Structures are given as C-alpha cells and as structure tokens.
Amino acid sequence: MTAIEPRSAEGRATADRTLETPPRKPFGAVVRDYVALTKPRIIELLLVTTFPVMFLADRGVPSVWLILATLIGGSLSAGSANSLNCYLDRDIDRLMHRTEGRPLATGAISPRAGLIFGVVLGAISVLWLGLLVNWLSAALSFGAIVLYVGFYTLLLKRRTSQNIVWGGIAGCMPTLIGWSAVTNSVSWSAIVLFLVVFFWTPPHYWPLSMRFRDDYANAGVPMLPVVAEDIAVARQIVIYTWVTVATTLALVPVADMGVIYTVIALVSGAVFLREAHLLLRRARAGASYKVLKPMRLFHYSISYLTLVFVAVAIDPLLHIALH
C-alpha cells in the first residue's frame with residue numbers, strides 16, 4: 001500500500017505560527033467555532049447508533065435520565081475525538097476545500113486552545129459516563145477516543161488506503177456504549193450491531209472520498225479513490241454493502257428480532273444494494289463524475305443506517321414474532 005507524503009512538520013509549524021494568535025471575536029462567534037470543532041453533524045450520526053440500541057438492550061424504554069446521561073456523555077466523547085482530530089489534521093485541512101473553513105485551519109482557534117479543549121472534553125466525558133452511567137461505558141468511550149485519535153488519525157489516515165476500514169472501528173463503539181449503559185455488559189447482539197456499523201462505513205465514506213478525490217490527493221491522504229480506479233472502488237463498495245446487509249439480517253436470530261425490524265432491514269437493504277450496484281455499473285461504463293453520482297449513495301447510506309437503527313428501537317416496543 002502506497003502512502004502519499006503530507007505536508008512537512010516544518011510547513012505545519014510555519015503555518016501554526018501565522019495562525020497562533022487569532023483576532024478577538026464576539027463571544028457567540030467563539031462558541032460557534034468551538035462547537036464546529038466538535039463536528040456536530042458527525043455526532044448526530046453517532047447518536048443514531050447509540051440511542052436505539054438502548055431500547056433493544058432494555059427490551060423496552062430505558063429511563064429518561066439514563067438515555068440523557070448516555071447521550072450527553074457520548075456527545076462529549078465524540079466531540080473530544082473530533083476536536084483532537086482537527087488539531088492533528090489542521091495542516092491537511094488547510095489544503096482541502098471541504099475542510100479549509102474549520103476553526104483550526106482558519107486560525108479562528110489556536111492549536112493550543114484546540115488541543116486543551118479536546119483533552120478537557122474527553123476527561124469530562126469519561127468522568128460523566130463513569131459517575132452517572134457506569135464505568136464500562138466510560139471505558140468504552142475512552143477507547144473510542146483513543147481509536148479515533150491514535151489508531152485512525154495518527155497511525156492509518158496518511159499511510160494506507162484502508163484507513164477508513166480499520167479506522168472506522170471508533171465509529172462503531174457507540175453501539176457497545178449504548179448497550180453497556182443499560183446492561184453494564186456487552187452481548188452478542190451488541191457485537192452484531194457493532195459489525196453492522198463496521199461494514200457500513202466503507203460504502204458510506206468511499207463515495208464521499210470519490211467526490212473529494214482531488215482534495216485528498218492534494219492533501220496527501222491516500223484514500224482508496226485516490227490510489228485506485230473508480231471501478232475498483234465501486235467493486236469494494238458493492239462487497240461491503242452485501243456484507244452490511246447480511247449482518248443486519250444476522251441480528252434477527254441473534255437478538256430475536258421481529259417482523260418490523262426484519263421487513264425494514266430487508267427493504268432498506270435492497271435499496272442500498274441497488275444503489276451500490278448502480279454505482280458499479282456506471283463505473284464499468286467509464287462514466288464521468290457527473291454521471292457516476294457517488295454522493296447519491298453517500299446520502300442514501302445515512303438514511304439506510306438511520307432506518308435500520310430506528311427499527312432496532314421500535315421492534316422491541318411493538319414486537320411481532322416471526323414464528
């Protein structure tokens with residue numbers, strides 16, 4: 001696997017010196033900058049995989065306080081990981097149109113302030129979950145931060161085209177956190193849901209990488225669409241999509257899911273597979289980006305994951321057995 005050299009440490013240091021002292025801004029604008037540093041849209045997606053799992057673990061409705069405490073702790077944890085990711089990636093963020101407006105890339109927040117903010121958020125999240133939920137959830141939350149910052153951002157992202165495959169493990173942790181918050185344990189059902197998110201991540205993220213291929217290439221990040229042809233990427237997307245859908249169906253016997261979940265998983269999965277195969281068909285035809293339309297699959301992948309996990313929450317409340 002070929003790594004593409006990112007900007008040198010000297011270049012990063014020079015850029016940091018020019019951005020170290022940002023101009024004074026109104027308090028509201030400063031708050032918005034720090035919120036942006038946590039990548040709130042990504043946090044929303046992570047919560048979609050936390051909240052429903054708690055219903056399945058409880059086989060009913062968990063206490064409102066437990067739900068709120070878990071979601072707040074999970075949001076703080078994800079915000080910490082995302083902030084530290086922005087701190088470490090500030091050099092390449094400045095080179096990509098998609099990320100050039102991030103607060104550490106523009107200098108709206110200094111690197112030192114961003115680092116302190118991310119570390120403090122992480123410490124608060126672990127203490128919050130440990131004291132108000134349980135220490136297993138706190139440990140899993142801390143593990144998610146370490147995986148995202150250390151394993152993905154530092155070790156994999158700039159070195160291998162498989163970065164998002166293994167680095168995506170951090171994004172699977174909310175399923176375990178949601179389950180452990182209710183049961184103070186991890187079961188096979190939680191592990192299957194973990195694998196659903198794991199296998200879903202490549203067909204979700206690689207279409208986005210196809211859209212921003214030039215950005216990643218310019219920043220020296222070897223995402224698969226940067227180092228491989230569209231047809232090779234599309235084949236991988238199809239494979240992972242099939243495995244994702246199969247894994248959602250594996251939950252049926254493992255967690256004794258009913259008709260509601262099964263039907264939603266089958267129908268939404270069929271659409272997901274159709275979109276993946278359409279992308280492959282267009283890639284085989286040598287379609288241009290406008291015809292290839294990878295963002296269509298990217299957007300549907302979000303809807304797909306949401307539908308599956310909403311079904312995970314609804315099924316135990318309105319359980320209709322398959323037998």
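Helix α16 (residues 259-284) and helix α18 (residues 294-314) have axes that come within 9 Å and cross at roughly 170°, so α16 is roughly antiparallel to α18 (an angle over 145 degrees). Axes are lines fitted to C-alpha atoms over the stretch in contact, with angles from 0 to 180 degrees between N-to-C directions. Helices are DSSP runs of H or I with at least four residues, numbered from the N terminus.

The model is predicted: local features need pLDDT of at least 70 and side-chain atom pairs pLDDT 80 or more, while totals for chains, interfaces and linings use all residues. Residues are numbered from 1 along each chain as its sequence is written, and side-chain values use heavy atoms, without hydrogens and water.

Contact (heavy atoms within 4.5 Å) between the two helices involves, among others, I260, Y261, I264 and F272 of α16 and P294, L297, Y300 and Y304 of α18. The residues of this contact comprise 16 nonpolar, three polar and three charged. Ala, Val, Leu, Ile, Met, Phe, Trp, Tyr, Cys and Pro count as nonpolar, Asp, Glu, Lys and Arg as charged, and the others, Gly among them, as polar.

P294 lies in helix α18. Beyond its neighbours within four places in sequence, P294 contacts P207, M210, R211, L279 and Y289. Its C-alpha atom is 9.9 Å from that of A283, 11 residues away along the chain.

Buried residues (under 20% relative accessible area, 1.4 Å probe, protein chains only) include these:

| Residue | Relative accessible area |
|---|---|
| P294 | 0% |
| C86 | 1% |
| C172 | 0% |

The structure has zero disulfides (pairs of cysteine sulfur atoms within 2.5 Å).

Methods: Buried means under 20% relative accessible area, exposed over 50%, partly exposed in between (1.4 Å probe, protein chains only). Angles under 35 degrees count as roughly parallel, over 145 as roughly antiparallel, 65 to 115 as roughly perpendicular and the rest as oblique.
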